[in-house]
Amino acid sequence: MIIQDVAVAQEALEKGQLVGLPTETVYGLAANAFDPLAVARIFEAKQRPSFDPLIVHIGHLSQLDELATDLPLGAQLLAKTFWPGPLTLVLPRTQKVPDIVTAGLPTVAIRMPAHPLALKLLQSLPFPLAAPSANPFGYVSPTTAQHVHDQLAEQVACILDGGACSVGVESTIVGFPDGQPTILRLGGVPVEAIEFTLGIPNIPAQLSSSQPHAPGQLVSHYAPKRRIGILAHGSKPAHIASSEWIPFFSDAAYSMQSLSLDGSIESAAARLFSVLRRLDDDPKGPIMWIEAAPDKGLGRAINDRLQRAAHRA
Ligand code: TXA
Ligand code: MG
């Protein structure tokens, strides 16, 4: 059931049920983060392996204290600069966070989303929300309430409709192993902006892994059903040479689409997952060809998702 009323979502969450949560990045599948049974329902609904920890969403900075301890200075600075917004911080956890949320790790991932409905809902609840992206494990993330409905209607009490996600790729994840900032997932906040804020020129990244505790980092993820071919940025085959920036085409280029509507990288990111879903439904041709984005800023997050979506084991 797709709804507009925050109070209905609030009531379902208080009962331990699952709710489709709009955020500025992608839609989440939310449950009371302090209720291990409710959180278990998330894993079940997504068919998500239990070794894959969840992000805890907060509506107030004051909630940080009950979730995390020993915040590095860099983490405080990033929270102050980018929250609410598409940034997740991995921090040492408190005992209050259930093991099922962190998959037993000594750290917890936390973010304050910027979507007004998400904030309103979070601020109306006496607990934070654990929420992964609202898609079956390994599939393309949802960027509209309808996407959530298409795949998880049976599993949720309701889906709060917040319109199409404005950012369109998941949050950037930053951890602090040994106190040093490390990029764990490329996402909505460009790495350049994080480097600028921290005054550190080349923050190391640990992005690719078959390690169970780091799954947005799995080599194959965000995968649509059809195969994807990636073209180097700027290298368009002759027959689509006149198309716009980041063209999509399948088969003989007859159903090509431009990812960005206005030529901006923001528009390309916002449309990425819904275009992947739509092309998946398009019967033409076994492969969808996609031109990579320029490898900087948000373009790096787009290219990261394309590579994982294209990967076949
Ligand atoms: O934008 C987003 O972050 C969205 C919206 C709904 O907030 N959420 C999202 O959640 O993308 P999910 O579960 O699809 O991805 C969360 C990622 C996973 O790759 C998980 O491994 C990582 O966060 N993660 C969570 N806790 C972690 C921890 N303690 N240490 C390292 N990675 C962690
Ligand atoms: Mg996900």
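The model is predicted: local features need pLDDT of at least 70 and side-chain atom pairs pLDDT 80 or more, whereas totals for chains, interfaces and linings use all residues. Residues are numbered from 1 along each chain as its sequence is written, and side-chain values use heavy atoms, without hydrogens and water.

The axes of α1 (residues 6–14) and α6 (residues 116–124) lie 10 Å apart at an angle of about 45°. Val6, Ala9, Gln10 and Leu13 of α1 meet Leu117, Lys120, Leu121 and Ser124 of α6, contact being heavy atoms within 4.5 Å. By class, this contact of α1 with α6 has five nonpolar, two polar and one charged residues.

Side chains of opposite charge can pair when their charged atoms come close. The whole structure holds seven salt bridges (a side-chain nitrogen of Lys or Arg within 4 Å of a carboxyl oxygen of Asp or Glu). In one of them, arginine 111 pairs with glutamate 24, with the closest N and O atoms 2.9 Å apart. This pair links distant parts of the chain, 87 residues apart: arginine 111 is in strand β6 (residues 107–111), and glutamate 24 is in the loop between β2 (19–21) and β3 (28–32). Arginine 111 is buried at 2% relative accessible area, as is glutamate 24 at 5% (buried is under 20%, exposed over 50%, partly exposed in between; 1.4 Å probe, protein chains only).

Arginine 93 and aspartate 99 also form a salt bridge (2.9 Å, N to O); arginine 93 is buried at 14%, while aspartate 99 is partly exposed at 49%.

Terms used
Chains are lettered from A and ligands numbered from 1 in the order in which they are written. Axes are lines fitted to C-alpha atoms, for helices over the stretch in contact, and angles run from 0 to 180 degrees between N-to-C directions. Helices (H or I, at least four residues) and strands (E, at least two) are DSSP runs, numbered from the N terminus. Ala, Val, Leu, Ile, Met, Phe, Trp, Tyr, Cys and Pro count as nonpolar, Asp, Glu, Lys and Arg as charged, and the others, Gly among them, as polar.
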